[in-house]
Each structure stands twice: as C-alpha cells, then as structure tokens.
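Trainee: I've never looked at this one before. Could you walk me through it, one question at a time?

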Amino acid sequence: MKTFVAAVVGVLFASGAAFAQGKPADGQAAYDALKCGTCHQVAGKGGKLAAALDGVATKRSAADIKSWLTDPAKMEAKLEKKPKMLMSAAASMKNGLSPEHIKDLGAYLATLK
C-alpha cells in the first residue's frame with residue numbers, strides 16, 4: 001500500500017500537480033518582490049546573468065522546478081556550464097524561500113510554456 005501511495009504521489013508531482021495549490025499571480029508578485037528578474041529574463045525583460053525562464057515549464061519537470069527553488073546548489077552541481085550568477089548565491093535564496101513562495105513561484109513558472 002505504501003508503494004502504491006508513493007507511486008501516485010510521484011505521478012502527481014511529476015505532472016505539475018505539486019504547484020496546483022499555488023497561485024500564479026502571487027508567484028509573479030513574488031518573482032518581482034524577490035528580484036528574480038535581476039538575473040532571469042521573462043518575455044525579454046530582466047537580466048542575462050542566468051537562464052531565461054521563457055518556456056521553462058516545457059523544458060523542466062515540476063520536480064526539477066521545485067528542486068531549483070528548494071535546493072539550487074544541488075541543481076547547479078548538475079550543470080555543465082555554470083551561469084554568471086549562481087542562484088544559490090542570490091540574496092533572496094540565502095535563507096531559503098517560504099513554502100508559500102515555493103508553491104506560488106512554481107505555479108507561476110508552470111504558466112511559462
């Protein structure tokens with residue numbers, strides 16, 4: 001039974017359901033408030049120090065997006081070419097994001113297809 005529940009949770013998480021409780025509008029507000037656009041671009045606006053986020057929802061799984069928001073150093077270690085600015089070094093990431101920010105940012109990023 002535990003294996004079945006874990007499998008169902010895994011499928012839901014991988015399908016994007018992990019951010020279903022988040023609010024995309026609040027995520028966009030958090031993106032602005034946390035100054036994510038200092039390094040990232042969306043729709044041609046923002047910095048060029050890290051990856052542009054246009055289409056991120058089609059390039060990364062919900063699990064990867066969550067990992068970037070919760071443990072960017074782990075995800076950076078997987079990159080062959082490091083960006084000019086590491087997400088793990090960003091001021092907004094120093095103390096970690098709140099669970100609410102993670103859900104809302106994830107929901108917002110899931111809209112970027």
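Trainee: Which loop holds Ala43?

Mentor: Residues are numbered from 1 along each chain as its sequence is written, and side-chain values use heavy atoms, leaving out hydrogens and water. Helices (DSSP runs of H or I, at least four residues) and strands (E, at least two) are numbered from the N terminus. On that numbering, Ala43 sits in the loop between E1 and strand E2 (45-46).

Trainee: Is Ala43 buried or exposed?

Mentor: Buried means under 20% relative accessible area, exposed means over 50%, and partly exposed is in between, using a 1.4 Å probe and protein chains only. Ala43 isn't a glycine, yet has a positive phi of about 55 degrees. Its relative accessibility is 61%, so Ala43 counts as exposed.

Trainee: What is the phi of Lys35, roughly?

Mentor: Lys35 is in the loop between helix H2 (24-33) and E1. Lys35 counts as exposed because its relative accessibility is 59%. Lys35 is not a glycine either, but its phi is positive, about 60 degrees.

Trainee: At what angle do the axes of H4 and H6 cross, roughly?

Mentor: Two packed helices are described by the angle between their axes and the distance between the axes. The axes are lines fitted to C-alpha atoms, for helices over the stretch in contact, and angles run from 0 to 180 degrees between N-to-C directions. Helix H4 (residues 62-70) and helix H6 (residues 99-110) have axes that come within 10 Å and cross at roughly 135 degrees.

Trainee: What do we call the orientation of H4 and H6 to each other?

Mentor: Under 35 degrees counts as roughly parallel, over 145 as roughly antiparallel, 65 to 115 as roughly perpendicular, and the rest as oblique. H4 and H6 are therefore oblique.

Trainee: Which residues of H6 make the contact with H4?

Mentor: Contact here means heavy atoms within 4.5 Å. H4 brings Ile65, Lys66, Leu69 and Thr70, and the H6 side is made by Ile102, Leu105, Gly106 and Leu109.

Trainee: Is Leu112 buried or exposed?

Mentor: Leu112 lies in the segment after H6. Leaving aside residues up to four places away in sequence, Leu112 touches Val42, Leu53, Gly55, Val56, Ala57 and Thr58. With a relative accessible area of 12%, Leu112 is buried.

Trainee: What is the relative accessible area of Gln41?

Mentor: Gln41 belongs to strand E1 (residues 41-42). Beyond residues up to four places away in sequence, Gln41 touches several others, including Tyr31, Lys48 and Asp54. Gln41 is buried, and its relative accessible area is 15%.

Trainee: How many contacts beyond near neighbours in sequence does the stretch of residues 1-15 have?

Mentor: The protein averages a pLDDT of 87, and 84% of the residues score at least 70. Over residues 1-15, though, the pLDDT is below 50. Where pLDDT is low, the predicted coordinates should not be read in detail. Beyond near neighbours in sequence, the contacts of residues 1-15 in the model number seven.

Methods:
This is a predicted model: local features need pLDDT of at least 70, side-chain atom pairs count only at pLDDT 80 or more; totals for chains, interfaces and linings use all residues. pLDDT is the predictor's confidence in each residue, from 0 to 100.
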